[in-house]
Amino acid sequence: MNHAKRNDAPGIGTRAVWAGERGERWAGATQVPVALSVSFGYETVEEWLQVAQGKRPGHIYGRNTNPTVAAFEDKIRDLEGAEAATSFASGMAAISNILFTLLSPGDRVVSIKDTYGGTNKLFIEFLPRFQIEVKLCDTTDHKAIEAAIARGCNLLYLESPTNPTVKIVDIARLAAAGHQQGALVVVDNTFATPINQQPLELGADLAVHSATKFLGGHADALGGVVCGPKELVSRIYHFREINGACLEPMSAYLLLRGMKTLHLRVRRQNENALQIARFLESHPRVAKVFYPGLAAHENHEIARRQMSGFGGVLSFALHGGFDAVKSFLPRLRYVNLAANLGAVETVAGPPATTSHVESTPEERAASGIPEALIRYSVGIEDAEDLMADLRQALDSLG
């Protein structure tokens, strides 16, 4: 898929720089100001009331809206090709708000076993407490997912590529199945970003991101965002403005700044990750490599069809189990051993300390996640240096 242009719209690189940047300025500033004010004042009660009632644009209180935050929302809204977007204090806040806004007791969710650990916890621990049924299916068994949807589905929740095993689901196929049952379809697009994948074009109703990751790209700001039709996003925004999980303006500014280089960073990370995945695939100390850009990947053809790049995250399992992981990771020179991804620096770690730190070993096993797995989020460094670093660490294992 080629997402560079839609009709006569500017290319996605141009939009990454300029979308959301044309709002109000202070004293001629060329950059979006950081509006740290909690409240926004008006000269007359009538003007204030019109803003409060939504009859004219403006802001009243920071928990509801903020001009810096609004600029960030407009930028990602544009890149996802959505009518509206609303933001949150973190990616998990975004996912939680979606689920608790759109679901009611007695509803049924269909999802996959390979969702991010926090999302999985919502499905197996929290939603059942509210009498919401959740059916988790084998991620790449599309027939089983369709069968589960056909038995009843109010909300279909997908993640592609998945965290941390970078599995791929056919978004268009499953979205069509969900809509046949009247379900709302939500896709976590964090790993792909709108540079590589456009879930709304593929049939999803909502695209959600942990903006902390690739959107910000510098590991210095937490945030989440959901994009989609105005009616749906307005409902989610209303829940968020009441429960208070709002994005703070300094983080919104940092995310805005990071997104200006999103297209450059992601394309470099795509290139690096593919080279590194091919290198790891050939190394005798590596038991298996998970990356949708590899021809050997189970759903490589689906990824080729629905993505314009395969992303900056790969994972691989070592021979020797978790002991090998503990020996290998500290030997890497060009990596942060940390629970994050999508940054300009390479970041690595096992699911037990990153994506599924909240999960038990049994829960990780049920999700098909080996304890010997390493999630490797490729940065923008020179690929040759990263491969040399991986080689020396692998070779030192003996």
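Student: What makes the 7 strands here an open sheet, and in what order do they lie?

Tutor: In this predicted model, the strand order is 1-7-6-5-4-2-3, with mixed pairing. Strand 1 (84-88) and strand 3 (133-137) stand at the edges with a single partner strand each, so one side of each has no neighbour in the sheet. Neighbouring strands are turned against each other by 20 degrees on average, direction ignored.

Student: How do you know that strand 1 and strand 7 pair?

Tutor: Two strands count as paired if there are at least two bridges between them. Strand 1 and strand 7 (residues 224-228) have 5 bridges, in the antiparallel sense. As one example, Thr86 has Val226 of strand 7 as its bridge partner.

Student: Which helix packs on the sheet at strand 1?

Tutor: That is helix 3 (residues 67-79), which touches strand 1, strand 6 (206-210) and strand 7. The direction of helix 3 makes about 130 degrees with that of strand 1. Helix 5 (residues 117-126) lies across strand 2 (108-112), strand 3 and strand 4 (155-159), and runs at about 130 degrees to strand 3.

Student: Why is helix 6 called roughly parallel to helix 7?

Tutor: The axes of helix 6 (residues 142-150) and helix 7 (residues 171-180) cross at roughly 15 degrees and come within 9 Å. Angles under 35 degrees count as roughly parallel, so helix 6 is roughly parallel to helix 7. Their crossing is right-handed.

Student: Which residues make that contact between helix 6 and helix 7?

Tutor: Helix 6 brings His142, Lys143, Ile145, Glu146 and Ile149, while helix 7 brings Arg173, Leu174, Ala177 and Gly178. These divide into 4 nonpolar, 2 polar and 3 charged residues.

Student: How do you know that the chain is as compact as a globular protein of its length?

Tutor: The chain has 15 helices and 12 strands. Its radius of gyration is 21 Å, close to the 21 Å from the globule rule for 398 residues, so the chain is as compact as a globular protein of that length. Along the principal axes, its C-alpha atoms fill a box of roughly 75 × 50 × 40 Å.

Methods:
Residues are numbered from 1 along each chain as its sequence is written. This is a predicted model: local features need pLDDT of at least 70, side-chain atom pairs count only at pLDDT 80 or more; totals for chains, interfaces and linings use all residues. Side-chain values use heavy atoms; hydrogens and water are left out. Helices (H or I, at least four residues) and strands (E, at least two) are DSSP runs, numbered from the N terminus. Axes are lines fitted to C-alpha atoms, for helices over the stretch in contact, and angles run from 0 to 180 degrees between N-to-C directions. Contact means heavy atoms within 4.5 Å. Angles under 35 degrees count as roughly parallel, over 145 as roughly antiparallel, 65 to 115 as roughly perpendicular and the rest as oblique. A crossing is left-handed if the near helix is turned anticlockwise from the far one by less than a right angle, and right-handed if clockwise. Ala, Val, Leu, Ile, Met, Phe, Trp, Tyr, Cys and Pro count as nonpolar, Asp, Glu, Lys and Arg as charged, and the others, Gly among them, as polar. The radius of gyration is taken over C-alpha atoms; the globule rule is 2.2 Å times the number of residues to the power 0.38.
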